[in-house]
Amino acid sequence: MSFTLPIIIVLSAIIIFAAFFMVKQQTAAIIERFGKFHSIRQSGLHLKIPLVDKVAGRLSLKIQQLDVIIETKTLDDVFVKLKVSVQYKVLNEKVYDAFYKLDYPHEQITSYVFDVVRAEVPKMKLDDVFVKKNDIAIAVKSELNDAMMEYGYDIIRTLVTDIDPDSQVKIAMNRINAADREKTAAQYEGDAQRILIVEKAKAEAESKRLQGQGIADQRREIARGLEESVEVLNKVGINSQEASALIVVTQHYDTLQSIGQHTNSNLILLPNSPQAGSNMLNDMVASFTASNQIGESMKNQQLKKKE
């Protein structure tokens with residue numbers, strides 16, 4: 001009798017302990033009674049009949065993620081690996097279907113992902129796969145939703161998280177990209193050189209224009225100065241021809257004086273004899289006289305023609 005009581009107490013404690021069980025937050029527990037589905041228990045502390053009821057399994061109600069890697073071929077015959085991440089969860093109202101209708105939900109989802117990706121990617125070229133990866137993800141999500149909703153799974157989102165072509169293809173793509181960038185750089189350099197040449201030509205043209213304008217202004221001022229000198233000389237009784245000759249001779253000697261001021265000058269002005277000024281003056285007076293005579297004769301001829 002002394003040994004029986006402790007055994008009974010221990011057994012009673014085990015039975016009482018086995019009658020209680022706890023379900024964590026965001027988890028559902030499936031209770032079976034004699035092997036048959038009995039109920040679904042949510043988070044908290046629960047009671048079951050020992051040796052009659054048992055916890056057949058637990059399902060997480062959290063959002064889960066399954067990463068699927070698929071190798072397929074594109075329209076331009078390039079083999080590429082895609083990593084598709086599927087985010088899904090079990091619906092609260094369909095825990096029974098999720099637990100009893102599918103033994104291996106991961107394999108089922110993986111099969112649908114393989115089927116959709118291998119149906120969509122072969123329609124695209126490699127460049128389009130990178131550009132239209134969202135279209136692939138949308139197609140996978142649509143197909144999975146239609147198929148898995150029946151089994152109590154809701155597909156939250158699908159993402160194409162990685163696109164990995166063959167290494168040789170990536171090297172070739174990098175070479176094409178580098179060549180294209182070098183071509184663009186060469187074009188920009190050529191445009192810069194062309195702009196530089198055009199601007200330089202414009203600057204030279206502007207410089208020549210301003211230089212010509214300066215020379216014209218200089219000559220205009222010289223002519224105005226000569227005109228004023230002739231007027232001054234005319235006022236003292238020297239006629240225009242003699243005044244012009246005198247100005248030229250004066251400029252001649254001024255030039256000689258300016259050259260003489262520079263000791264290292266190698267310029268030689270010919271003629272440079274003492275009679276050069278007198279000869280130049282006589283030549284200029286003669287030329288002015290001849291030009292006046294020619295002018296007078298031309299006027300007389302024009303008057304005769306008019307008469």
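These legends describe close-up views of a predicted protein model.

**View 1. The whole model, in numbers.** Local features need pLDDT of at least 70 and side-chain atom pairs pLDDT 80 or more, while totals for chains, interfaces and linings use all residues. Residues are numbered from 1 along each chain as its sequence is written, and side-chain values use heavy atoms, with hydrogens and water left out. The protein has eight helices and eight strands. Both are DSSP runs numbered from the N terminus: helices are H or I with at least four residues, strands are E with at least two. Of the 307 residues, 24% are buried (under 20% relative accessible area, 1.4 Å probe, protein chains only). The exposed surface comes to about 21,800 Å², computed by the Shrake-Rupley method with a 1.4 Å probe. Carbon and sulfur atoms supply 56% of that area. A contact means heavy atoms within 4.5 Å. Among contacts between residues at least 6 apart in sequence, 63% join residues at least 24 apart.

**View 2. The open sheet β3-β2-β5.** Three strands form this sheet, with antiparallel pairing. Two strands count as paired if DSSP finds at least two bridges between them. Strands β3 (36-41) and β5 (53-60) stand at the edges; each has a single partner strand, so one side of each lacks a neighbour in the sheet. On average, neighbouring strands are turned by 30° against each other, direction ignored. Strand β2 (residues 27-33) runs antiparallel to β3, and five bridges join them. Arg33 stands opposite Lys36 in β3.

**View 3. The open sheet β6-β7-β8.** This sheet also has three strands and antiparallel pairing. The edge strands are β6 (64-73) and β8 (153-165), each with a single partner strand, so one side of each is left without a neighbour in the sheet. The twist averages 20° from one strand to the next. Eleven bridges link β7 (residues 79-90) to β8, and the two run antiparallel. Val84 has Val160 in β8 as its bridge partner.

View 4. Axes are lines fitted to C-alpha atoms, for helices over the stretch in contact; angles run from 0 to 180 degrees between N-to-C directions. Helix α5 (residues 133-148) packs on the sheet too, touching β7 and β8. The direction of α5 makes about 145° with that of β8.

Key: Buried < 20%, exposed > 50% of the residue type's maximum accessible area, 1.4 Å probe, protein only.
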